[in-house]
Amino acid sequence: MSTTKKYLRNVRSSFPVFRKSERRFFAEFKLTVGEYESLYPACSINDLEQKFGTPKEIVIDYFNNMDSEKYLSAMRKSL
């Protein structure tokens with residue numbers, strides 16, 4: 001498995017819920033990581049984490065940038 005696929009799998013699995021808005025965010029994020037990989041094909045997971053953040057940081061940032069109603073709804077659905 002390639003480094004970027006492993007990194008993206010770790011990011012994807014870090015989401016507590018994965019609804020339409022998360023799928024949309026992840027698709028855009030995946031494109032961005034793919035562009036980075038095309039520029040730096042020998043990048044490591046460490047490189048990706050330094051550039052984009054750890055999977056946990058990405059998910060936290062995603063939810064921090066959400067409005068409070070959407071956030072509460074997402075957390076209710078994850079329980």
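Helix H2 has 20 residues and reaches 29 Å from its first C-alpha to its last. That span is close to the 28 Å expected at 1.5 Å a residue. The model is a predicted one. The buried residues of H2 are Glu-22, Phe-26, Phe-29, Val-33 and Tyr-36. Viewed down the axis of H2, these buried residues fall within an arc of 80°, so they line one face of the helix. An α-helix has 3.6 residues a turn, so residues three or four places apart point the same way. The other side of H2 carries Lys-20, Leu-31, Glu-35, Ser-38 and Leu-39, which are exposed. The buried residues of H2 pack against H1, H3 and H4.

The protein as a whole has 5 helices and 0 strands. From the N terminus on, its elements run α-α-α-α-α. Of its 79 residues, 28% are buried. Among contacts between residues at least 6 apart in sequence, 64% join residues at least 24 apart.

Helix H1 covers residues 3-14. Its 12 residues should span 16 Å at 1.5 Å a residue. The end C-alpha atoms of H1 are 17 Å apart, which agrees. Thr-4, Tyr-7, Leu-8 and Val-11 are the buried residues of H1. Seen down the axis of H1, they fall within an arc of 95°, so they line one face of the helix. Lys-5 and Ser-13 are exposed on the other side of H1. The packing partners of the buried H1 residues are H2, H3 and H4.

The largest nonpolar core has 17 residues. Within this core, Tyr-7, Val-11, Phe-29, Val-33, Leu-48, Phe-52 and Phe-63 touch the most other members. H1, H2 (20-39), H3 (45-52) and H4 (55-64) each supply at least two residues of the core. In soluble globular proteins, nonpolar side chains tend to be buried together. Two of the residues named above also belong to the buried set of H1, which includes Tyr-7 and Val-11. Phe-29 and Val-33 are likewise among the buried residues of H2.

Polar residues are also found among the buried positions. Thr-4 is one of them, in H1. Its relative accessibility is 4%, so Thr-4 counts as buried. The side chain of Thr-4 makes a polar contact of 3.4 Å with the side chain of Ser-2. Beyond its neighbours within four places in sequence, Thr-4 is in contact with Val-33, Glu-37, Cys-43 and Leu-48.

Glu-22 is placed in H2. Its relative accessibility is 0%, so Glu-22 counts as buried. Several polar contacts involve this side chain. The side chain of Glu-22 reaches the backbone nitrogen of Arg-19 at 2.8 Å. A polar contact of 3.4 Å joins it to the side chain of Ser-21. The side chains of Glu-22 and Tyr-62 also make a polar contact, at 3.4 Å. Neighbours within four places in sequence aside, Glu-22 is in contact with Phe-15, Val-17, Tyr-62, Phe-63 and Met-66. Glu-22 and Phe-63 are 41 residues apart in sequence. In space, their C-alpha atoms are 9.8 Å apart.

Asp-47 lies in helix H3. At 31% relative accessibility, Asp-47 counts as partly exposed. Leaving aside neighbours within four places in sequence, Asp-47 is in contact with Tyr-36 and Ala-42.

Technical notes. Residues numbered from 1 in each chain as written. Predicted model: local features only at pLDDT ≥ 70, side-chain atom pairs only at ≥ 80, totals over all residues. Heavy atoms only, no water. Helix = DSSP H or I, 4+ residues; strand = E, 2+ residues; numbered from the N terminus. Buried < 20%, exposed > 50% of the residue type's maximum accessible area, 1.4 Å probe, protein only. Polar contact = N/O pair within 3.5 Å; in protein donor to acceptor, adjacent residues only side chain to side chain. Contact = heavy atoms within 4.5 Å. Core = buried A, V, L, I, M, F, W, Y, C linked by side-chain atoms within 4.5 Å. Expected span 1.5 Å × (residues − 1). Arc of directions from axis to C-beta.
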